[in-house]
Amino acid sequence: MWWRVVNATVYAIAMAYIESAIVVYLRRLYYPQGFDFPLVIIDTPTLLLELGREVATIVMLATVGSAAGRTKVGKFAYFLLLFGVWDIFYYVWLKVFIDWPASLLTWDVLFLIPVPWVGPVLAPVTVALTMIGMGLVLLSLEQRGPVFAAGKTVWLAQIVACLVVIVSFTIDVVPRLPNNGVLLAQWTPTLYRWWMLLLGEVLALGTFLSWAWRAARQQGHRAGPP
């Protein structure tokens, strides 16, 4: 298992290199003086290319995760691991290439689907670390034997947690989208709702760790003497 983890990690780091290189080119085109807010509203053809690239990125992470995992749990675990490593090393490579971000509190455009997500770099890095941790826990459980299925409540909690975090990145963007993003092109973000990130993290980790503890205990009971 750990050899597959190493391979998946190397793949994600290499993929992050490619992603970062593309962003460096885009910033040279649209932000020749260096990236900063307010955002430059890019033309529609370029926007569509970017949206397609982001979809392709998720597809690549999902398909490699599916190929690396042996079970449904393993496939999902590798996707979480790949996504987290890719996200963190995206910023590592940008720091290497252009010495950006200046700090973990520097604001960035995180994603574009279905609307732009913005927030301090520390926020997506925190989420990425959580995904890596969850992925490794799932792989460890899978290595020990069949994994106790998570119920609807656990999945619902994870979905709600994800939505809360996504809203924390988009809540100030959505009202500025009308009229071809005129207001967005005049906006410099200064306030991030850290409480929403914390709420999402607590909900996601709390329900996940509770389920993982029960799953590990059930595996222990099965492995014990009759």
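The structure holds one cavity of 30 Å³ or more. The model is predicted. The volume of the largest cavity is about 50 Å³, and its lining is made up of Trp-107, Val-118, Ser-168, Phe-169, Thr-170, Ile-171, Asp-172, Trp-187, Leu-191 and Tyr-192. By kind, the lining residues divide into seven nonpolar, two polar and one charged. Helix α5 gives the most to this lining, with three residues.

Asp-172 lies in the loop between α5 and α6, and Arg-193 in the loop between α6 and α7 (194–223), so the pair ties together parts that are 21 residues apart in sequence. Arg-193 is partly exposed, with a relative accessible area of 22%.

Side chains of opposite charge can pair when their charged atoms come close. The structure holds five salt bridges.

| Pair | Distance, N to O |
|---|---|
| Arg-27 and Asp-108 | 3.3 Å |
| Lys-95 and Asp-99 | 3.0 Å |

The salt bridge between Arg-27 and Asp-108 links distant parts of the chain: Arg-27 belongs to helix α1 (residues 2–30) and Asp-108 to strand β1, 81 residues apart. Both Arg-27 and Asp-108 are buried. In the pair of Lys-95 and Asp-99, Lys-95 is partly exposed, at a relative accessible area of 35%, whereas Asp-99 counts as exposed at 54% relative accessibility.

**Aromatic rings**

Arg-27 also has aromatic rings beside it. The charged end of Arg-27 sits over the ring of Trp-100, 4.0 Å from its centre, and Arg-27 lies over the face of Phe-35 as well, at 4.4 Å from the ring centre. Trp-100 and Phe-35 belong to one aromatic cluster, which also includes Tyr-31, Phe-37, Tyr-90 and Tyr-91.

The count of aromatic pairs comes to 17. Why is the pair of Phe-35 and Phe-37 edge-to-face? Planes over 60 degrees apart count as edge-to-face. The ring planes of Phe-35 and Phe-37 stand at 70°, with the centres 5.6 Å apart, so the pair falls in that class. Phe-35 is buried, with a relative accessible area of 15%, and Phe-37 is buried too, with a relative accessible area of 10%.

The rings of Phe-76 and Trp-155 have centres 5.7 Å apart and planes at 55°, so this pair is tilted. Phe-76 lies in helix α3 (residues 72–98) and Trp-155 in helix α5 (residues 152–170), so the pair ties together parts that are 79 residues apart in sequence. Phe-76 counts as partly exposed at 35% relative accessibility, and Trp-155 is partly exposed with a relative accessible area of 45%.

**Backbone features**

Most residues other than glycine have a negative phi, and most peptide bonds are trans. Pro-101 is found in the loop between α3 and β1 (107–111). Another cis peptide bond, with omega of about -5°, joins Ile-113 and Pro-114. Pro-114 is found in the loop between β1 and β2 (117–120).

Asn-179 has a positive phi of about 60° although it is not a glycine. Asn-180 also has a positive phi of about 60° and is not a glycine. Asn-179 is found in helix α6 (residues 178–181), and Asn-180 lies in helix α6 too. Is Asn-179 buried or exposed? At 64% relative accessibility, Asn-179 counts as exposed. Asn-180 is exposed as well, with a relative accessible area of 73%.

**A residue of helix α2**

Thr-46 lies in helix α2 (residues 44–68). Thr-46 counts as buried, at 18% relative accessibility. Thr-46 and Leu-26 are 20 residues apart in sequence, and their C-alpha atoms are 9.9 Å apart in space.

Key. Residues are numbered from 1 along each chain as its sequence is written. This is a predicted model: local features need pLDDT of at least 70, side-chain atom pairs count only at pLDDT 80 or more; totals for chains, interfaces and linings use all residues. Side-chain values use heavy atoms; hydrogens and water are left out. Rings of Phe, Tyr and Trp (its six-membered ring) pair if their centres lie within 6.5 Å; planes under 30 degrees apart count as stacked, over 60 as edge-to-face and the rest as tilted. Buried means under 20% relative accessible area, exposed over 50%, partly exposed in between (1.4 Å probe, protein chains only). Helices (H or I, at least four residues) and strands (E, at least two) are DSSP runs, numbered from the N terminus. A charge sits over a ring if NZ of Lys or CZ of Arg is within 6 Å of the ring centre and within 35 degrees of the ring normal. On a 1 Å grid over the protein atoms alone, a cavity is a set of points where a 1.4 Å probe fits but cannot get out, and a pocket is an open set with protein on both sides within 12 Å along at least five of seven lines; lining residues have an atom within 4 Å of a point. Grid points are joined across faces, edges and corners, and a volume is the space filled by probe spheres set on the points. Ala, Val, Leu, Ile, Met, Phe, Trp, Tyr, Cys and Pro count as nonpolar, Asp, Glu, Lys and Arg as charged, and the others, Gly among them, as polar. A salt bridge is a side-chain nitrogen of Lys or Arg within 4 Å of a carboxyl oxygen of Asp or Glu.
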